[in-house]
Amino acid sequence: MSPSWFDTLLAWISAHPVAAGLVIFAIAFCDAVILLGAVVPALPLMFAVGVLVGLGEISGPYAVICATIGALVGDATSYWVGHRFGPQLRNHWPFRKYPQLLDRGELLFRRNALKSILIARFVGPIRPFVPAVAGMLRMPLRRYGMASGLAWVAGALSFLLPGWVLGHAYD
């Protein structure tokens, strides 16, 4: 990731605080989607958004709502992929080459499904895979949705809050 790209993105967010909600949504969405979540540097971006919130450039509740909705939609997408493809997912790249990506999520999920959804929100390497595992294992959508919603409200707050505090202290 080029520093100039990062600075340009943050300058754009600062100049367009309402449209920045779409960017916040996209960051959280990509972080929660299977495969994308392993590639997108969401935590530094969410921290930077938190700094802008602390500086007063973006509304805090607006940022939390956009991040929560983006994560919920991303989780739902991953859940759908897992539900749609089920065990066949293991036969596709990168899971065929790196089966541990799904194995870790499945191990955590089988120990305690609801706790795994909450815990996975704070463990980067398995975060985008647990929703797919929930779909693969046919967890009821209503039960999954409630746990995922709670997890992402907590996740959005915890990812934005450190930057928010730093930005407020700096201001």
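Leaving aside neighbours within four places in sequence, which residues is Asp31 in contact with? Select Asp31 and look around: Gly37, Ala42, Arg127, Pro128, Trp152 and Phe159 are its partners once those neighbours are left aside, with contact meaning heavy atoms within 4.5 Å. Before going on, note that this is a predicted model, where local features need pLDDT of at least 70, side-chain atom pairs count only at pLDDT 80 or more, and totals for chains, interfaces and linings use all residues. Residues are numbered from 1 along each chain as its sequence is written, and side-chain values use heavy atoms, with hydrogens and water left out.

**Stop 1: Asp31 and its helix**

Asp31 belongs to helix α2, residues 20–32. Helices here are DSSP runs (H or I, at least four residues), and strands would be E runs of at least two, numbered from the N terminus. With 3% relative accessibility, Asp31 counts as buried. The scale is this: buried is under 20% relative accessible area, exposed is over 50%, and partly exposed is in between, using a 1.4 Å probe and protein chains only.

**Stop 2: α2 against α4**

Now show α2 and α4 together. Two packed helices are described by the angle between their axes and the distance between the axes. For α2 and α4 the angle is about 35° and the axes are 7 Å apart. Axes are lines fitted to C-alpha atoms, for helices over the stretch in contact, and angles run from 0 to 180 degrees between N-to-C directions. On the α2 side, pick out Gly21, Ile24, Phe25, Ala28, Phe29 and Ala32. Their α4 counterparts include Tyr62, Cys66, Ile69, Val73 and Ser78.

Keep Ser78 selected. This α4 residue counts as buried, at 0% relative accessibility. Not counting residues up to four places away in sequence, Ser78 touches Ala32, Val33, Ile34, Pro128, Pro131 and Ala132.

**Stop 3: the aromatic pairs**

Next, show the aromatic side chains. Searching the whole structure turns up three aromatic pairs. Rings of Phe, Tyr and Trp (its six-membered ring) pair if their centres lie within 6.5 Å; planes under 30 degrees apart are stacked, over 60 edge-to-face and the rest tilted.

Go to Tyr79 and Tyr144. Their ring centres are 4.9 Å apart and their planes are at 20°, so this pair is stacked. Tyr79 is in helix α4 (residues 60–85) and Tyr144 in helix α8 (residues 141–170), so the pair links distant parts of the chain, 65 residues apart. Both Tyr79 and Tyr144 are buried.

Then try Phe122 and Phe159. Here the ring centres are 6.2 Å apart with planes at 70°, so the pair is edge-to-face. Phe122 lies in the loop between α6 (113–120) and α7 (130–136), while Phe159 is in helix α8, so the pair ties together parts that are 37 residues apart in sequence. Phe122 is partly exposed at 45% relative accessible area, whereas Phe159 counts as buried at 11% relative accessibility.

While ring-watching, select Arg84 and Phe85. The charged end of Arg84 sits over the Phe85 ring, 4.9 Å from its centre. The test is NZ of Lys or CZ of Arg within 6 Å of the ring centre and within 35 degrees of the ring normal.

**Stop 4: what packs on α8**

Show α3 (residues 42–54) with α8: their axes come within 6 Å and cross at roughly 40°. That makes α3 oblique to α8. For reference, angles under 35 degrees are roughly parallel, over 145 roughly antiparallel, 65 to 115 roughly perpendicular and the rest oblique. The α3 and α8 crossing is right-handed. Residues making the contact include Met46, Phe47 and Val51 of α3, and Phe159, Pro162 and Trp164 of α8.

The α6 and α8 axes come within 9 Å and cross at roughly 30°, which makes α6 roughly parallel to α8. This crossing of α6 and α8 is right-handed. Leu114, Ile117 and Leu118 in α6 meet α8 residues, among them Tyr144.

**Last stop: two arginines**

Select Arg138, in the loop between α7 and α8. Most residues other than glycine have a negative phi. Arg138 has a positive phi of about 60°, although it is not a glycine. At 47% relative accessibility, Arg138 counts as partly exposed.

Finish at Arg142 in helix α8, which counts as exposed at 71% relative accessibility.

Conventions
Left-handed = near helix turned anticlockwise from the far one by under 90°.
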